[in-house]
Amino acid sequence: MTETTETTAGSPDGFGGASAEELRTLLLSRIQDVPDYPKPGVMFKDITPLLADAAAFGALTEALAELCLRHRADKVVGLEARGFILAAPAAVRAGIGFVPVRKAGKLPGATLAQRYELEYGTAEIEIHADALEPGDRVLVIDDVLATGGTAEASLRLIRRAGARIAGVAVLLELGFLAGRDRLLGSLDSAPLEALITV
């Protein structure tokens, strides 16, 4: 059964010695609400203050790296663009490889592409065709889970490359947008870990 709750620490000490609640409090304190961006009525969650705080960014990196290890990931996939910022240091910390999932046309050489539906129109993402080995366990990392369209498309890409899904991990899940519900079928029992759910 797919995990459907906010992640909790796997050990008594939690993530990097902090409890899950201490980590959540620290991360939330560094995420800034920006009203009416990018359009009126939207409350944008700005993570750049978190990234500028070495202690908070370090705690986030450690937590994501621990999820890589907990779910026995061989590779980390980061989703363009803020997912790169979170996924790459987590992969380095966990001692595994990082693979970027990019918007179509941004990668040189042979690629695998996946088109997906947006509210108005379609989009397409790509990975290098040789970035994943058959049987690799892959953890997808992104900053925010909103409607889940990009994450769902990335899971399809990973499977088309012959790899397996170790899980999806996000800093922030916007629960009211039901992205988790959209991903349940695509996860196929792999966990969805959200460090913060609002």
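Tutor: Keep in mind that this is a predicted model. A place to begin is helix α6, whose buried residues pack against β7 (137-145), α5 (149-160), β8 (164-173) and β9 (192-197).

Student: Which residues of α6 are buried?
Tutor: Helix α6 covers residues 179-187, and its buried residues are Gly 179, Arg 180, Leu 183, Ser 186 and Leu 187. Seen down the axis of α6, these fall within an arc of 115°, so they line one face of the helix.

Student: Why would residues that are spaced out point the same way?
Tutor: An α-helix has 3.6 residues a turn, so residues three or four places apart point the same way.

Student: And what is exposed on the other side of α6?
Tutor: Asp 181 and Gly 185 are exposed there.

Student: What comes just after α6?
Tutor: Asp 188, which takes a positive phi of about 50°.

Student: New topic. How many aromatic pairs does the structure hold?
Tutor: Two. In one, the rings of Tyr 37 and Phe 44 have centres 5.1 Å apart and planes at 80°, so that pair is edge-to-face.

Student: How exposed is Tyr 37?
Tutor: Partly, with a relative accessible area of 46%. Phe 44 is also partly exposed, at 22%.

Student: And the pair with Phe 84?
Tutor: Phe 84 pairs with Phe 98; the ring centres are 6.1 Å apart and the planes at 80°, so this pair is edge-to-face.

Student: Where do Phe 84 and Phe 98 lie?
Tutor: Phe 84 is in helix α4 (residues 82-94) and Phe 98 in strand β4 (residues 97-103), so the pair ties together parts that are 14 residues apart in sequence.

Technical notes. Residues are numbered from 1 along each chain as its sequence is written. This is a predicted model: local features need pLDDT of at least 70, side-chain atom pairs count only at pLDDT 80 or more; totals for chains, interfaces and linings use all residues. Side-chain values use heavy atoms; hydrogens and water are left out. Rings of Phe, Tyr and Trp (its six-membered ring) pair if their centres lie within 6.5 Å; planes under 30 degrees apart count as stacked, over 60 as edge-to-face and the rest as tilted. Buried means under 20% relative accessible area, exposed over 50%, partly exposed in between (1.4 Å probe, protein chains only). Helices (H or I, at least four residues) and strands (E, at least two) are DSSP runs, numbered from the N terminus. The arc is that of the directions from the helix axis to the C-beta atoms. Contact means heavy atoms within 4.5 Å.
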